[in-house]
Number of protein chains: 2
Amino acid sequence: MKKLKILISNDDGITSPGIHELSNAMKEIGDVTVIAPATEQSAVGHKITMKIPLRISKFYKGEEFFGYAIDGTPADCIKIGIRNILKERPDIVISGINNGSNTAVNIVYSGTVSAAREASIMDVPSIAISVTNHAAQNFTYAGKVAQKLVKLVADNDLPLGTLLNVNVPDLPEEKIKGIKLTRQGRSKWDDIYEERTDPYGAKYYWLTGDLMKLDNDDEFDQFAIQNDFVSITPIHFDLTDFETYNAMKNWKLSDI
Amino acid sequence: MKKLKILISNDDGITSPGIHELSNAMKEIGDVTVIAPATEQSAVGHKITMKIPLRISKFYKGEEFFGYAIDGTPADCIKIGIRNILKERPDIVISGINNGSNTAVNIVYSGTVSAAREASIMDVPSIAISVTNHAAQNFTYAGKVAQKLVKLVADNDLPLGTLLNVNVPDLPEEKIKGIKLTRQGRSKWDDIYEERTDPYGAKYYWLTGDLMKLDNDDEFDQFAIQNDFVSITPIHFDLTDFETYNAMKNWKLSDI
C-alpha cells in the first residue's frame with residue numbers, strides 16, 4: 001500500500017508540544033510534512049492574510065528539519081502549503097494537537113479547526129484534534145486516536161467538504177470511557193471584559209468569562225468530553241440554515 | 001411603537017463610506033449606535049481578541065459624534081459593544097455595508113459576516129449586508145434594502161442563532177432585477193501566491209487568485225448576484241454535517 005501523504009498544521013504555533021506529538025504519531029503511518037504558524041494563532045477564526053504578504057521559513061529541532069513556519073494564520077498555512085510548498089496534494093490534513101477543547105461555539109472561534117476547514121474547502125479530507133485543557137498533559141492517547149481515525153477516514157467515505165472535529169479529555173488512556181459520535185453543542189461564553197487602567201491613566205478592556213455549559217445530553221460534543229468520552233463531530237462549511245430557508249419562502253420578500 | 005435599538009458594525013472600519021450610508025438609512029427607522037473596528041478588518045473571519053486588551057475611542061465626523069472605534073475585530077466590536085458599551089441590548093445588529101460581495105466560500109472568510117454571526121451567538125437578530133464591488137458606488141439602494149429587511153425581521157420570526165446574509169449588486173435601483181431567497185453557493189477561490197523578492201533578496205508570497213464561479217442556478221447566492229438579483233441567505237453557526245453524522249453511525253468508531 002502506498003504511504004499516506006499527511007500534512008500537519010495547528011494554531012498554537014510550530015514550537016508547541018502538541019504538534020510535535022502529532023508529528024511523531026503520524027510518522028508511524030505516513031509521510032509527514034509540517035506547515036504551521038510561526039507564532040501562536042489561537043482564536044483567529046478563519047482569518048486569511050491578503051493585505052500583507054507571507055514568508056516561509058524552515059524550522060529545525062536541533063539539527064533536524066522539522067517543518068515550515070509561516071508568519072500567518074492556520075488557514076494561510078494550508079493554502080500556501082498546498083499551493084506552493086508541497087509537490088503533491090496531501091491525502092489528509094491534521095490540525096493539532098490543540099491545547100484546550102474546541103467544542104460548541106468554540107468551533108467558530110478556533111484556529112485549529114480553521115486549518116482543517118481550509119483543507120476541506122480545498123477538497124482534502126481533514127481532522128482537527130484537541131485535548132481539553134490549556135495546559136494539556138496527555139497528548140500520547142490523542143496521538144493514538146488520530147492514527148486510528150486517519151485509517152478510518154481512509155477506509156470510509158468522508159464527503160469532500162466535511163472534516164472531523166475531535167476532542168479528547170486530558171486523561172490517561174485507562175480513564176477514557178469510550179468514543180462518542182457527536183453534534184456541535186450549544187454551550188457558549190458568558191463574556192466579561194475586565195476594565196483596567198494603564199500606567200498612563202487610560203482604560204483598557206480584557207476579555208475573560210466562563211463557558212456556560214448548556215448541553216445535557218451526550219449527543220453533544222461538550223457534554224461528551226465533560227463525561228470523559230472522546231468526541232468526534234463531522235462539520236462542514238455550508239452555513240445555510242435550511243429550516244429557516246424553507247420558512248422564509250412565506251416572508252413577503254417581494255415587498256423589498 | 002417603540003423605536004428599534006439598532007447596533008451597526010462592519011469590517012471595513014469606522015471611516016468607510018458604507019457604514020456611514022448604513023447609519024443614515026437606519027437613523028430613519030431607529031435609534032442607532034455605531035461600534036466598529038478602528039481599522040480595516042477584511043477577511044479576518046471570526047477572529048476574537050483574547051491575548052491583548054481592547055481600547056474604546058470615540059469617533060467624530062466633524063464636530064458630531066458618530067460612534068465608537070475599537071482596536072479589534074468585527075466580532076470584538078459586537079461582544080464589547082453589547083457587554084460594555086450599550087446600556088440596553090439592541091433589537092437588531094446590522095453589519096456593513098461592505099465593499100465587495102460575501103457569497104459562497106467568502107462567508108467563511110468574511111469579517112462583515114462575523115460581526116452578524118457574533119450577534120446571533122448572543123441571541124440578537126442580525127443582518128450582514130454587502131455590495132458586490134470592492135469600489136462599490138451604489139450604497140443608497142442597499143441602505144433601502146436594509147431598512148425594509150429590518151422591518152421584515154421584526155414582523156417575522158427569525159430564529160435565535162440565525163442571521164441574514166444579504167448581497168446587493170453594485171447597480172442603480174432601476175437595474176436590479178428582484179430579490180432572491182438563496183442558499184450558500186459552492187464557488188471558491190483558485191488561489192495563487194505570487195512569489196516576489198524584497199529589496200534584501202528574500203522571498204515573499206502574496207495571495208491573489210480568481211473566484212471559480214461554480215454555481216449555475218439562482219438558488220445559489222453567487223449566481224443570483226451575477227444575474228443582478230439581490231440575494232438573501234439565512235445562515236447559522238451549527239456547523240454539524242448531519243448527513244455525515246448519520247452515515248458515520250456505520251463507521252467502526254469502537255475500533256479506536
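Good morning. The structure is a predicted model, in which local features need pLDDT of at least 70, side-chain atom pairs count only at pLDDT 80 or more, and totals for chains, interfaces and linings use all residues. Residues are numbered from 1 along each chain as its sequence is written, and chains are lettered from A and ligands numbered from 1 in the order in which they are written.

I begin with the two copies. Two copies of a chain are related by a rotation about an axis and a shift along it.

Next, the interface. In chain B, 62 residues are in contact with 62 residues of chain A, where contact means that the C-beta atoms of two residues, placed from the backbone, lie within 7 Å. On the chain B side, strand β11 (residues 229–236) gives the largest share, five residues. Helices (H or I, at least four residues) and strands (E, at least two) are DSSP runs, numbered from the N terminus. By class, this side of chain B has 34 nonpolar, 14 polar and 14 charged residues. Ala, Val, Leu, Ile, Met, Phe, Trp, Tyr, Cys and Pro count as nonpolar, Asp, Glu, Lys and Arg as charged, and the others, Gly among them, as polar. Of the interface residues of chain B, 100% are also interface residues in chain A, so the copies meet through the same surface.

I turn to the sheet of chain B. Nine strands make up an open sheet with mixed pairing, in the order β3-β4-β2-β1-β5-β6-β7-β11-β8; two strands pair if DSSP finds at least two bridges between them. β3 and β8 (178–181) of chain B are the edge strands, each pairing on one side only. On average, and with direction ignored, neighbouring strands of the sheet are turned by 25 degrees against each other. Axes are lines fitted to C-alpha atoms, for helices over the stretch in contact, and angles run from 0 to 180 degrees between N-to-C directions.

What packs on this sheet? Helix α2(B) does, touching β1 (4–9), β2, β3, β4 and β5 (92–99) of chain B, and its direction makes about 130 degrees with that of β2(B). Helix α5 (residues 139–155) of chain B lies across β1, β5, β6 (126–131), β7 (162–168) and β11 of chain B, at about 160 degrees to β6(B).

Let us look at strand β4 (residues 64–70) of chain B. Strand β2 (residues 30–37) of chain B runs parallel to β4(B), and three bridges join the two. B:Ile35 has B:Tyr68 as its bridge partner in β4(B), and B:Ala36 stands opposite B:Ala69. With strand β3 (residues 56–61) of chain B, β4(B) pairs in the antiparallel sense over six bridges; there B:Ser57 stands opposite B:Ala69. β3(B) and β4(B) form a hairpin with two residues between them, and B:Gly62 in the turn has a positive phi of about 65 degrees.

Finally, the helix pairs. In chain B, the axes of helix α2 (residues 74–85) and helix α4 (residues 111–121) come within 7 Å and cross at roughly 25 degrees. α2(B) and α4(B) are therefore roughly parallel to each other; angles under 35 degrees count as roughly parallel, over 145 as roughly antiparallel, 65 to 115 as roughly perpendicular and the rest as oblique. Their crossing is right-handed: a crossing is left-handed if the near helix is turned anticlockwise from the far one by less than a right angle, and right-handed if clockwise. The residues that meet include B:Cys77 and B:Ile78 in α2(B), and B:Ser114 and B:Ala115 in α4(B).

In chain A, helix α1 (residues 17–27) and helix α5 (residues 139–155) have axes that come within 9 Å and cross at roughly 45 degrees. α1(A) and α5(A) are therefore oblique to each other, and their crossing is right-handed. Among the residues making the contact are A:Leu22 of α1(A) and A:Phe139 of α5(A). By class, the contact has five nonpolar, five polar and two charged residues. Thank you.
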